[in-house]
Amino acid sequence: MDEDYLRDLFASVGPITIRRMFGGQGIYCADGIFAVMAFDRLYVKGDAQSSPVYEAAGMQRWGYENPKTGKVSMMPYWQVPDDALEDAEAMAPWADLAVQTARRARK
């Protein structure tokens, strides 16, 4: 996904900024980072309040295995459902929830 596509997809949250990070991209709004593009997948930010909603929707949490220790680390980001990748209207509730999460993280 190119930056223009991401801007259109997240139009419901207002202006966004996209910054390179860790081989991917961090997606920011006025409330902070709320999404990440990594490994050709789009993830939205989760916390104790939003993660149960994502999980109930069948979204998968981003995790990775340390090749040296074999330990799996779970990141606070959840993979966006496929239908939301194609339609800004379908993305809007997930984007809104992620922005609320980013807002809580800043406090």
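**Entry 1: R7 and E3**

I started with R7, which makes a salt bridge to E3 with the closest N and O atoms 3.6 Å apart. I keep in mind that this is a predicted model. The cut-off for a salt bridge is 4 Å between a side-chain nitrogen of Lys or Arg and a carboxyl oxygen of Asp or Glu, so the pair at 3.6 Å counts. Next I looked up where the two sit: both are in helix 1 (residues 3-9), 4 residues apart, so about one helical turn separates them. R7 is partly exposed at 34% relative accessible area, and E3 is partly exposed at 35%.

**Entry 2: the other salt bridges**

How many salt bridges does a search of the whole structure find? I got 3. Side chains of opposite charge can pair when their charged atoms come close.

One of them joins D31 to R103, with the closest N and O atoms 2.9 Å apart. D31 is in the loop between strand 2 (24-29) and strand 3, while R103 belongs to helix 4 (residues 88-106), so this pair ties together parts 72 residues apart in sequence. For R103 I noted a relative accessible area of 38%, which is partly exposed.

R104 is in helix 4 and D47 in the loop between strand 4 and helix 2 (51-56), so the pair links parts 57 residues apart in sequence. R104 is partly exposed at 27% relative accessible area. D47 has 22% relative accessibility; the buried class needs a value under 20%, so D47 goes down as partly exposed.

Is strand 4 mostly covered or mostly open? I found it mostly covered: of the 5 residues in 41-45, 4 are buried.

Then I looked up which strands pair with strand 4. Strand 3 (residues 32-38) pairs with strand 4 in the antiparallel sense, over 4 bridges. Strand 6 (residues 72-79) is also antiparallel to strand 4, with 3 bridges.

Terms used: Residues numbered from 1 in each chain as written. Predicted model: local features only at pLDDT ≥ 70, side-chain atom pairs only at ≥ 80, totals over all residues. Heavy atoms only, no water. Buried < 20%, exposed > 50% of the residue type's maximum accessible area, 1.4 Å probe, protein only. Pairing = 2+ DSSP bridges.
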